[in-house]
Amino acid sequence: CILCMNLRLQPSKQLLRTSKVRTSQGLKPQSCSKKRTALKTLFLSGLAVQQQLLSKAENIEPMESLKGKGYGKTRMRFSDYDMTSSGLQIKDMKLGNGKEAKQGDTCIIDWSGYTIGYYGRPFEARDKAKGGAFTGEEKELFRFVLGENKVIPAFEEALQGMREGGIRRIVVPVELGYPDNDMKKKGPKPTTFSGKRALGFVLENQGMIDKTLLFDIELIKVK
């Protein structure tokens, strides 16, 4: 009918009100959509910048004197090493063919350590002369039970899956090293005074010193 046709053709009061408000504010119907798009783009670009800053911060070596500043030395990354999800870098120098180390096993190892982040100074030597023990070489070697958390986290992770006779080199970030930068809390510990002094200087230093460590681990025996 004619009445129904008139109703269809007439715009709603709400639509007329909205149109008047937009006109009074000098806004075109499409301008709101453009502003929403612009705000969304700005928000997403802000998120991208934030993610880049976080990623950059994760790649910066933590140093006490530069804490919270957002800049510093880039963390070491060696392309020929395998990196685990924890950040430990591992390279097998020699594959063993003996018994595999598992949780609960007693691991007997020989090891060497270097302050690779600070002049590469050695604080423990592998294959050093034993002597002083008359009950066999094992007395002089370092031993621990895998899984008891008596050694630094890097050693717990690195020994998993190693076999007797194998030699594994690891690059250890500070968070996988000695807790609170205190070598007294967990092993392995240097066996000489000069070694303790070299490692202690790096761990206890509050300046701009990279505390990244490098270890060579030789798995002698699994019990």
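This is a predicted model: local features need pLDDT of at least 70, side-chain atom pairs count only at pLDDT 80 or more; totals for chains, interfaces and linings use all residues.
Residues are numbered from 1 along each chain as its sequence is written, and side-chain values use heavy atoms, with hydrogens and water left out.

**Cavity.** My rule for a cavity: on a 1 Å grid over the protein atoms alone, a set of points where a 1.4 Å probe fits but cannot get out. Grid points are joined across faces, edges and corners, and the volume is the space filled by probe spheres set on the points. Counting cavities of 30 Å³ or more, I get one. I then listed the lining, meaning residues with an atom within 4 Å of a point. It consists of Val172, Pro173, Val174, Gly177, Tyr178, Asn181, Leu203, Lys211 and Leu213. Six of these lining residues are nonpolar, two polar and one charged. In this sorting Ala, Val, Leu, Ile, Met, Phe, Trp, Tyr, Cys and Pro are nonpolar, Asp, Glu, Lys and Arg are charged, and the others, Gly among them, are polar.

**Lys211.** I followed Lys211 from the cavity lining. Lys211 sits in the loop between α5 (193-204) and β7 (213-222). Helices (H or I, at least four residues) and strands (E, at least two) are DSSP runs, numbered from the N terminus. Is Lys211 buried or exposed? Lys211 counts as buried because its relative accessibility is 10%. The cut-offs are under 20% relative accessible area for buried, over 50% for exposed, and partly exposed in between (1.4 Å probe, protein chains only). A polar atom of the Lys211 side chain lies 2.7 Å from the backbone oxygen of Asn205. I also listed contacts (heavy atoms within 4.5 Å). Leaving out residues up to four places away in sequence, Lys211 touches Val172, Val174, Asn181, Val202, Leu203, Glu204 and Asn205.

For Ile170 I set aside neighbours within four places in sequence; its contacts include Leu88, Ile90, Phe155, Leu213 and Phe215.

**Backbone.** I found a cis peptide bond from Gly187 to Pro188, with omega near 0 degrees. Pro188 is in the loop between β6 (167-172) and α5. Tyr119 is not a glycine, yet its phi is positive, about 65 degrees. Tyr119 lies in the loop between β3 (106-115) and β4 (121-124) and, at 67% relative accessibility, counts as exposed. Asn149, also not a glycine, has a positive phi of about 55 degrees. Asn149 lies in the loop between β5 (142-145) and α4 (153-159). At 48% relative accessibility, Asn149 counts as partly exposed.

**Whole chain.** I noted five helices and seven strands. Along the sequence the pattern reads α-α-α-β-β-β-β-β-α-β-α-β. Of the 223 residues, 30% are buried. Among contacts with a separation of 6 or more, 70% join residues 24 or more positions apart.

Terms used. On a 1 Å grid over the protein atoms alone, a cavity is a set of points where a 1.4 Å probe fits but cannot get out, and a pocket is an open set with protein on both sides within 12 Å along at least five of seven lines; lining residues have an atom within 4 Å of a point. A polar contact is a pair of N or O atoms within 3.5 Å; within protein, one must be able to donate a hydrogen and the other to accept it, and residues adjacent in sequence count only if both atoms are side-chain atoms.
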